[in-house]
Amino acid sequence: MAAKSFRLYRPEALDGMKLSQILQVRRSRMGTNLFGLFPCENIRPGQQLYRERAVAVVESPPSANHAEMEERLLGALVDKVCRENGLLSEELKSKTEALMRRASVLCPPSSKDHHFALNTAGHRQRRGFWHRIAMFNHSCIPNACLAFDDQVAMLTATKRIGVDEEIVIDYLAHQTKAQFNSPSELQAYLKARWGFTCACQLCSHDATIQDDAYLHRTSELGAVWALIKKQRAKTSEKQNQQINFLHGVVDSKLATIEDTYDPTLPARPNVARTWYPLACYKVSLGHWPEVNKTANSCLWNLGFRYNTSFSATSPSLFAQHGMATKEALRCLIFIWVTYLGVANSPRMQHRKEDREMYFASGLAARSVAKVVYGILVGNDESFMNTYEPIVFAAVAERCSLMDALLRLDHYGGNAVLTLRSMGVRPTVPVFYGWRARLSEKPGP
């Protein structure tokens, strides 16, 4: 690869600079003397904001020791950038290392492969430097998401962004925040790693909570996780008793934890990550009304808000999109299966209006799931081939949805191999004469 030079801009030269036709540098509201990227026009969910090829990228084989691998990749990246740009003195190397430590990104070679990886520790990792992508600021409740395809980084909006809203990403998107026992511990890590303290809405809210109260909330979430795990280990012979137990204990516990957050917060990602395994457990039991309720709770805590005026003729399921995560995608697939299953049930055969409403809801959930998938992996071209055969097989009750999704991860997103491994032949169901509608494009 040919050497690429990169420029370091003086702060006073940044204000008003255009990064592209739709992105402009302005002063950030997150702190004094900070700059951020703002859109020059209103942005829709799933709209690609920026693409950039890396200045330099280095790659490492799988390694069990994450910290050692990260430092080794950082050293290799610094050597490469210094060599290609003629920065040969020790002083320049030291300054370059300080820059790379804060501005470089640890990422997978392919977001699509990473998306279907059961254990990312067993896959190659890379560290790269995208000097303009590095200009986007951090928030624990981001409105944009990074995806990677070889040496190209793609930034996509996860929700509607107005011209006065700063575009922010989550620097810790590939790390778990559960490792931090208090807000001060998280802020200390951000300060040591990137040289700033986070002033997003979630961190501002958490700053008002005592460390003991925060630790209690975290331990309660952990207790819910343990309870779900314990229930999943049991046999499913007494499904109704298990569902009633979960509904009576876990659901109420999570609702109580939600009440400890400021109701004006746009998202509560830690709570969403606990609703998600509960939804998965209910899917494995096949208790679909409860699945829908729990999946909606997960999505609500990720910032999704339902369109109250939704109808079969104007299929826009959500008035507001939220954080694009794998949990959000899977919950949307759960809702897609639930609605199609109801629409295809015998009791709907002679209730045309209700059937159309449920079918339209399923298509609308599919549409949003496709957008989230495109954000996570960089494009949505493979979405239908990846998930539609599994959804149809699950609706026709020819396979277990949860089992199929777990196998899908194992087979790298290949739905045909997944279904064949379960002894299921991929087919398209008839849906009471609606087969032609399955190829229709869902509404925006």
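Visitor: Which helices each supply at least two residues of the lining of the second largest cavity?
Guide: Helix 6 (201-206), helix 7 (211-232) and helix 9 (269-285) each do. Helices are DSSP runs of H or I with at least four residues, strands are E runs of at least two, and both are numbered from the N terminus. The model is predicted, so local features need pLDDT of at least 70 and side-chain atom pairs pLDDT 80 or more, while totals for chains, interfaces and linings use all residues. Residues are numbered from 1 along each chain as its sequence is written, and side-chain values use heavy atoms, without hydrogens and water.

Visitor: What makes this space a cavity, and which residues line it?
Guide: On a 1 Å grid over the protein atoms alone, a cavity is a set of points where a 1.4 Å probe fits but cannot get out; lining residues have an atom within 4 Å of a point. Leu202, Asp206, Tyr214, Arg217, Tyr261, Arg268, Pro269 and Asn270 line the second largest cavity.

Visitor: Why is Ala98 called partly exposed?
Guide: Buried means under 20% relative accessible area, exposed over 50%, and partly exposed in between (1.4 Å probe, protein chains only). Ala98 has 45% relative accessibility, so it counts as partly exposed. Ala98 lies in helix 3 (residues 90-103).

Visitor: What makes helix 11 mostly covered?
Guide: Of its 18 residues, 15 are buried.

Visitor: How do you know that the span of helix 11 is close to the expected one?
Guide: The expected span is 1.5 Å times one less than the number of residues. Helix 11 (residues 326-343) has 18 residues, with 26 Å expected. From its first C-alpha to its last, helix 11 reaches 26 Å.

Visitor: What makes a nonpolar core, and how many residues has the largest?
Guide: A nonpolar core is a set of buried Ala, Val, Leu, Ile, Met, Phe, Trp, Tyr and Cys residues joined through side-chain atoms within 4.5 Å. The largest has 86 residues. Leu329, Phe334 and Tyr387 have the most contacts inside it. A second, separate core of 26 residues includes Met17, Phe35, Phe148 and Ile169.

Visitor: Which residues is Tyr387 in contact with, leaving aside neighbours within four places in sequence?
Guide: Contact means heavy atoms within 4.5 Å. Among the contacts of Tyr387 are His115, Phe116, Leu329, Trp336 and Leu408.

Terms used: 1 Å grid on protein atoms, 1.4 Å probe; cavity = no way out; pocket = protein on both sides within 12 Å on 5 of 7 lines; lining within 4 Å.
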